[in-house]
Amino acid sequence: MPESTTSEHALYPHSTNFEGRPPPPKEGYSWEQITAAIDSKSLHALRRTDKGQWEYEVWQDQIDRAKYGNVGRYIALTVLHWPDLLDPAEETRTDNGNDDTGSSLALQERYRVMAPRLTLRLNHYPFPVQDSIQYFVLWATRDISVVSERERLDRYLEEQFVGRVLEEGQTGERKPLCEEMHPAKAGKKKEWIWFVNPIELRSVATVHHLHVFVRDVDV
């Protein structure tokens, strides 16, 4: 029987077609299930409960589209408190959209030397995960998952979950910058994985974002 005809869907009706996508485990997806979906490129296997999807769509319906235009802009301006959706590298462009230096390579160089705007937040409308896992979303003003940005991404996540990266010769205690993360337990350290949804699975397509999962592992 298609998932869209289950009793839960009847109780929590929503517009998303979950046919052929089994409901999440009652205890939430495990680390192994998430990594398997990433490795096999079967991210469609990870889904909200019908209740979770209903709650997410109810929240979306409350957004003033006349004022914000779309969900992504609403999130950026009111949840993330960004001044706009522009990347810092783009904010130096002239009013007519041309590079202020007159060079076609100028914007690429600014992308290389200027970091994007990044905000890490807990996912408030997630698919369920086991209690040992925290589920975050990393919002960005550019695609931070591409190879050219990977070093910057890795450093950012390490600083959020471990502490600021110490340069050669530096010493000191490293404290995670992410205030929403549960502290690592004694004898444990943080491990994390991430993925970017394919276009067809993105419910917020106008702001770049990664799905990030964090857990404790033995030191």
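**Close-up views of the pockets and the sheet**

**View 1. The largest pocket of the predicted model.** The largest pocket has a volume of about 770 Å³. Of its 35 lining residues, Arg48, Tyr56, Tyr125, Ser203 and His211 are the closest to its centre. A pocket is defined on a 1 Å grid over the protein atoms alone, as an open set of points where a 1.4 Å probe fits, with protein on both sides within 12 Å along at least five of seven lines; lining residues have an atom within 4 Å of a point. Grid points are joined across faces, edges and corners, and a volume is the space filled by probe spheres set on the points. This is a predicted model, in which local features need pLDDT of at least 70 and side-chain atom pairs count only at pLDDT 80 or more, whereas totals for chains, interfaces and linings use all residues. Residues are numbered from 1 along each chain as its sequence is written, and side-chain values use heavy atoms, with hydrogens and water left out.

**View 2. The lining of the largest pocket.** At least two lining residues come from each of helix H3 (50-61), helix H5 (71-79), strand E1 (118-122), strand E2 (133-140) and strand E4 (208-218). H3 gives the largest share, five residues. Helices (H or I, at least four residues) and strands (E, at least two) are DSSP runs, numbered from the N terminus. By class, the lining comprises 18 nonpolar, 10 polar and seven charged residues. Here Ala, Val, Leu, Ile, Met, Phe, Trp, Tyr, Cys and Pro count as nonpolar, Asp, Glu, Lys and Arg as charged, and the others, Gly among them, as polar.

**View 3. The second largest pocket.** This pocket has a volume of about 210 Å³. Its lining includes Asp131, His182, Lys188 and Arg215. E2, strand E3 (188-195) and E4 each give two or more residues to this lining, and the largest share, three residues, belongs to E4.

View 4. Four strands, in the order E1-E2-E4-E3, form an open sheet with antiparallel pairing. E1 and E3 stand at the edges with a single partner strand each, so one side of each has no neighbour in the sheet. The twist averages 30 degrees from one strand to the next. Two strands pair if DSSP finds at least two bridges between them; eight bridges join E3 to E4. Lys189 stands opposite Val217 in E4. Helix H7 (residues 150-161) packs on the sheet and touches E1, E2, E3 and E4, where contact means heavy atoms within 4.5 Å. The direction of H7 makes about 140 degrees with that of E3. Axes are lines fitted to C-alpha atoms, for helices over the stretch in contact, and angles run from 0 to 180 degrees between N-to-C directions.
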